Amino acid sequence: MPADRPTAAAAWTPDRPIVHIDDVHKSFGSVEVLKGVSLDVMKGDVVCIIGPSGSGKSTLLRCINALVDIQRGSITVEGQEVHDPGLDKRLLRRKVGMVFQQYNLFPHKTALQNIMMAPIKVLKQPRGEVEDRARRLIAKVRLSGKEDAYPGELSGGQQQRVAIARSLAMNPDVMLFDEVTAALDPETVKEVLVTIRELAEEGMTCMLVTHEMGFAREIADHIYFTDRGVIVEHGPPATFFTEAKDPRTKEFLGQIL
Ligand SMILES: Nc1ncnc2c1ncn2[C@@H]1O[C@H](COP(=O)(O)OP(=O)(O)O)[C@@H](O)[C@H]1O
Ligand SMILES: [Mg+2]
């Protein structure tokens, strides 16, 4: 495995934010979608981002693992600037796993094969070792017995748990979840949330965009409310849901709770 190049990241210590977002501006053409977003996440924290559709939540998550570039500001992960042109994006994406609403599993590969693919192809890890880990991950997301099932033979919730296991197979330090239950049938939402909750309880640093307010309230250390490209308000769930002050937050919570 290639050693990390010596960079600022070498100086990162867990008493500093693992994800540090500072005054990030992002435009698509002439449309400014993020208008100066700042947010810090400490190791082991669970941060939920809520807000109306189109407010820039997905864009923000995508900036963190460099799926989209930014025009201004800074994002660091473990002290390393994500938008440094010299950054090896593969190293970044190994540290920062991301799961989307659409699970995008390879339909012609089994659950186990989907999970094993990146560690073998990208990390060049030995197949036996990767397979052992993939089997443990299948068990962890409560899919023992489904190792050889193809995505088409699994429910949406089961496929999403395979997608989570696939991301975990890279041993990330941070997980980003973008509305991962939004496309699921109500009866399978819960099993995916259970998986995420267990990860959070084990100390995984998680950033979630979600409309599951009950879940956010239960697992988040901190909640951020975004509207039209800015963070309007944030706080721990105990106060966020009861003491929101901004009229935009109140209106949103009024509609959704
Ligand atoms: N690749 C893109 N090209 C152009 N516009 C985009 C792109 N991605 C997102 N947008 C626009 O940015 C805004 C914010 O989108 P998004 O981050 O997906 O919001 P949210 O996740 O909060 O619903 C929307 O107006 C959307 O149309
Ligand atoms: Mg979105």
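Residues are numbered from 1 along each chain as its sequence is written, while chains are lettered from A and ligands numbered from 1 in the order in which they are written. Since the model is predicted, local features need pLDDT of at least 70 and side-chain atom pairs count only at pLDDT 80 or more, whereas totals for chains, interfaces and linings use all residues.

The shell around ligand 1 consists of Phe28, Val33, Gly51, Ser53, Gly54, Ser55, Gly56, Lys57, Ser58 and Thr59, where a residue counts as near a molecule if its C-beta atom, placed from the backbone, lies within 6 Å of it. By residue class, this shell holds 2 nonpolar, 7 polar and 1 charged (Ala, Val, Leu, Ile, Met, Phe, Trp, Tyr, Cys and Pro count as nonpolar, Asp, Glu, Lys and Arg as charged, and the others, Gly among them, as polar). Helix α1 (residues 57–64) supplies the largest share of the shell, 3 residues; helices (H or I, at least four residues) and strands (E, at least two) are DSSP runs, numbered from the N terminus.

Helix α3 (residues 111–121) packs against helix α5 (residues 156–168) at an angle of about 25°, with their axes 8 Å apart; axes are lines fitted to C-alpha atoms, for helices over the stretch in contact, and angles run from 0 to 180 degrees between N-to-C directions. That angle makes α3 roughly parallel to α5, a description used for angles under 35 degrees, with those over 145 counted as roughly antiparallel, 65 to 115 as roughly perpendicular and the rest as oblique. The contact is made by Ala111, Asn114 and Ile115 of α3 together with Val162, Ala165 and Arg166 of α5, two residues being in contact if their C-beta atoms, placed from the backbone, lie within 7 Å. These contact residues divide into 4 nonpolar, 1 polar and 1 charged.

An open sheet is formed by 4 strands in the order β2-β1-β4-β5, with antiparallel pairing; two strands pair if DSSP finds at least two bridges between them. Because β2 (31–41) and β5 (80–81) stand at the edges, each with a single partner strand, one side of each is left without a neighbour in the sheet. Strand β4 (residues 72–77) pairs with β5 over 2 bridges, and threonine 76 stands opposite glutamate 81 in β5.

Elsewhere, strand β3 (residues 46–50) runs parallel to strand β9 (residues 222–227), to which 4 bridges join it, and cysteine 48 has isoleucine 223 of β9 as its bridge partner.
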